[in-house]
Amino acid sequence: MAAGLIGNGRDRRTRYRPMAEINVTPLVDVMLVLLIIFMIAAPLLTVGVQVDLPRTTANPLPNPDEPLSVTINAEGRIFIQETAVEIEELVPRLQAIAEARAGSETRIFVRGDRAISYGRVMEVMGRIAASGFTRVALLAEQPSGLPEGGAAPAPRR
């Protein structure tokens, strides 16, 4: 037995081979913890004002910088991000935010609930555009079942 420990180098190499198996248990534990964290955190990352957006088949726009979100809910109340504002306060607040974000032109996304009248949405967009903001867009929800990044196929005649 002692001869096996003191013997030539060939016995030592065969005795201490590296293990070729991967221990998956710690990996599974970490993945389950990350899954739980993301399941809890994902609903908290959405915008706080609930609106029922209309559906469209247009391709989504690229998103290089964080835009401002102006929301009109089903009751006709106006929100900048999650803060309620009156229509008279909308433009001064947007201009103050744009001045604070010096360096790039501010993009504004207008989100109007499906149940709100089109005139109310156009009134808000008109005030925003008349105040000098040029990058104003309406948001709509992508319908389910469409391919990612693509529009719906044209109807056959």
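In which helix do Glu89 and Arg93 both lie, and how many residues apart are they? Both belong to helix 4 (residues 87-100), where they are 4 residues apart, about one turn of the helix. The account below returns to this pair after an overview of the protein.

The model is a predicted one, in which local features need pLDDT of at least 70 and side-chain atom pairs count only at pLDDT 80 or more, while totals for chains, interfaces and linings use all residues. Residues are numbered from 1 along each chain as its sequence is written, and side-chain values use heavy atoms, with hydrogens and water left out.

The predictor's confidence in each residue is expressed as pLDDT, from 0 to 100. The mean pLDDT of the protein is 77, and 75% of its residues reach 70 or more.

The protein contains 5 helices and 5 strands; helices (H or I, at least four residues) and strands (E, at least two) are DSSP runs, numbered from the N terminus. Read from the N terminus, their order is α-α-α-β-β-β-α-β-α-β. Of the contacts in the protein with a separation of 6 or more, 72% join residues 24 or more positions apart, a contact being heavy atoms within 4.5 Å. Buried residues make up 23% of the 157 residues; buried means under 20% relative accessible area, exposed over 50%, and partly exposed in between (1.4 Å probe, protein chains only). The accessible surface comes to about 11900 Å², of which 59% belongs to carbon and sulfur atoms; such areas come from the Shrake-Rupley method with a 1.4 Å probe, and for residues only the protein chains shown count as cover.

Strand 4 (residues 108-112) has two pairing partners described here. With strand 1, it pairs in the parallel sense over 5 bridges, and Leu68 stands opposite Ile108. With strand 5 (residues 136-138), strand 4 also pairs in the parallel sense, over 3 bridges; pairing requires that DSSP find at least two bridges between two strands. Leu138 in strand 5 is the bridge partner of Val110. Strand 4, helix 5 (residues 118-130) and strand 5 make a right-handed β-α-β unit: with the strands pointing away from the viewer, the path from the first strand over the helix to the second runs clockwise.

All 5 of the 5 residues in strand 4 are buried. Ile108, Val110 and Gly112 point one way, and Phe109 and Arg111 the other way. In strand 1 (residues 68-72) lies Ser69, which is buried, with a relative accessible area of 9%. Not counting residues up to four places away in sequence, Ser69 touches Phe79, Ile80, Gln81, Phe109 and Arg111.

Side chains of opposite charge can pair when their charged atoms come close. The whole structure holds 2 salt bridges, each defined as a side-chain nitrogen of Lys or Arg within 4 Å of a carboxyl oxygen of Asp or Glu. One of them joins the side chains of Glu89 and Arg93 (3.6 Å, N to O). Glu89 is partly exposed at 34% relative accessible area, and Arg93 is partly exposed at 37%. A salt bridge also joins Glu123 and Arg120 (3.3 Å, N to O), which both lie in helix 5, 3 residues apart. Glu123 is partly exposed at 34%, and Arg120 is partly exposed at 22%.
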